[in-house]
Amino acid sequence: MTVRERLLHAATELIAEKGWGAVSTRMLAERAGVGSGVVHYHFDSTQAVLVQAAVGALRTAVDGLASVLDQADTPYDALELLLGALDGHGGQELFTETFLAATRNDELRHAVAEVLVQFRRTLAAWLASRDVPTPVETAAVLAAAVDGVLLHRALSPDLSAAVVVPVLGRVLR
């Protein structure tokens, strides 16, 4: 792993563990096993590292969406898979912190918005292939619902797929 990759990996871990605003250059350097000056050699600022790391993690998740959806036979199955993925701890804290930070950082907001557009496009295409009425609108509402569940789970971890899927599944019928 290159130094740059180690810094990005350290940033994703620290955002999830400490929160966006608590990550410092020193923390990044220590976690990546490099000197503090190396952070600014590879990135313009600590915020630049955080933005690139978080947006990269979101893009990776969205890039994997098609393969997740390929495992589903029905829209209900897809909903179970999407929300079931939130039951694990694969990036949940990172994504929550990123969404919250995007409300205060224009660069991050635009980058996250682009990723969300791709998420909705991929989901809409899959829904259209399953003859779901108004797939673009349905994808937008489902994406917002999944994002909302993600944010609410930061305060209510008991909001599991078992609780949410039956309710949102009615929207798809």
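Start with the whole chain in view and show its contacts (heavy atoms within 4.5 Å). Among contacts with a separation of 6 or more in the protein chain, 64% are between residues 24 or more positions apart.

Before going on, a word on what you're looking at: this is a predicted model, where local features need pLDDT of at least 70, side-chain atom pairs count only at pLDDT 80 or more, and totals for chains, interfaces and linings use all residues. Residues are numbered from 1 along each chain as its sequence is written, and side-chain values use heavy atoms, with hydrogens and water left out.

Now switch to cartoon view. You'll find 10 helices and 0 strands; helices are DSSP runs of H or I with at least four residues, strands are E runs with at least two, and both are numbered from the N terminus. The C-alpha trace spans about 55 × 30 × 30 Å along its principal axes. Of the 173 residues, 41% count as buried, where buried means under 20% relative accessible area, exposed means over 50%, and partly exposed is in between (1.4 Å probe, protein chains only).

**Next, select 75-87.** This is helix H6. Its 13 residues should span 18 Å at 1.5 Å a residue, and the end C-alpha atoms are 19 Å apart, which agrees. (The expected span is 1.5 Å times one less than the number of residues.) Which residues of H6 are buried? They are Pro-75, Ala-78, Leu-79, Leu-82, Leu-83 and Leu-86. Look down the axis of H6: these buried residues fall within an arc of 115°, so they line one face of the helix. The arc is that of the directions from the helix axis to the C-beta atoms. The cover over them includes helix H5 (65-69), helix H7 (92-102), H8, H9 and H10.

**Then select 161-172.** That's H10, with 12 residues that should span 16 Å; its end C-alpha atoms are 15 Å apart, which agrees. Colour Ala-161, Val-164, Val-165, Leu-168, Gly-169 and Leu-172, which are buried. They sit on the same side of H10, because they cover an arc of only 130° around the axis. The buried residues here pack against H6 and helix H9 (135-153).

**Last stop: Ala-128.** You'll find Ala-128 in helix H8 (residues 106-129). Is Ala-128 buried or partly exposed? Its relative accessibility is 38%, so Ala-128 counts as partly exposed.

Definitions and conventions. The expected span of a helix is 1.5 Å times one less than its number of residues.
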